[in-house]
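Please have a look at the model first, and then read on.

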Amino acid sequence: MIGNLFLVSANDPVHNVSLYKSDDRLTSIAYDKKINQIYVGGLRGLYSFQFQQKITEKDKILNCRIEDIKSENGLIYIATRTEGLIIKNGDVYDTINERKGLISNICKSITIKDNIIWVSTNNGISKISYNS
């Protein structure tokens, strides 16, 4: 991923690579293989698409700066710059923020290990046990 461009490769990375372009400066990407959906985070939001050549405003599903995205066990974990951690489960969004115990709403990155979500923030690291 470079600026507003990124490559997606299928099983054969040499012969099946597609270049995608966005109007937003991109920060992160995740793939949900369960529904064959790509999620791309940018400075202006989260975009969801299925392999069209250009990502536009109509593909936007969240309107906040995205710092990191992870896909795990059918859920999409989204670290935002202002809203905390957002967990997408199908069409349902669950927000974990300072009011729910997150150390800060300014999230930087996500790591998931053994069903524990680790979120780095500007004030330290939060450990989250989440049951969907």
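## A sheet and its neighbours in charge

Three strands make up an open sheet in the order β12-β13-β14, and their pairing is antiparallel. Because β12 (107-113) and β14 (124-129) are the edge strands, each with a single partner strand, one side of each has no neighbour in the sheet. On average, neighbouring strands of this sheet are turned by 20 degrees against each other, direction ignored. For that angle, axes are lines fitted to C-alpha atoms, and angles run from 0 to 180 degrees between N-to-C directions.

A word on terms: strands are DSSP runs (E, at least two residues), numbered from the N terminus, and two strands pair if DSSP finds at least two bridges between them. The model is a predicted one, in which local features need pLDDT of at least 70, side-chain atom pairs count only at pLDDT 80 or more, and totals for chains, interfaces and linings use all residues. Residues are numbered from 1 along each chain as its sequence is written, while side-chain values use heavy atoms, with hydrogens and water left out.

Now zoom in on strand β13 (residues 116-121), which is joined to β14 by six bridges in an antiparallel run. Within this pairing, I116 sits opposite S129 of β14.

Next come the charged side chains. Side chains of opposite charge can pair when their charged atoms come close. A salt bridge here is a side-chain nitrogen of Lys or Arg within 4 Å of a carboxyl oxygen of Asp or Glu, and by this rule there are four salt bridges. Among them are these:

| Salt bridge | N to O distance |
|---|---|
| R65 and E67 | 2.9 Å |
| R81 and E67 | 2.9 Å |
| K100 and D94 | 3.2 Å |

How do these residues sit relative to the surface? Buried means under 20% relative accessible area, exposed over 50%, and partly exposed in between (1.4 Å probe, protein chains only). E67 is buried at 17%, whereas R65 is partly exposed at 30% and R81 is partly exposed at 29%.

In the remaining pair of the table, K100 is exposed with a relative accessible area of 54%, and D94 is partly exposed at 23%. Finally, salt bridges that share partners join R65, E67 and R81 into one network.

How values were computed: Helix = DSSP H or I, 4+ residues; strand = E, 2+ residues; numbered from the N terminus.
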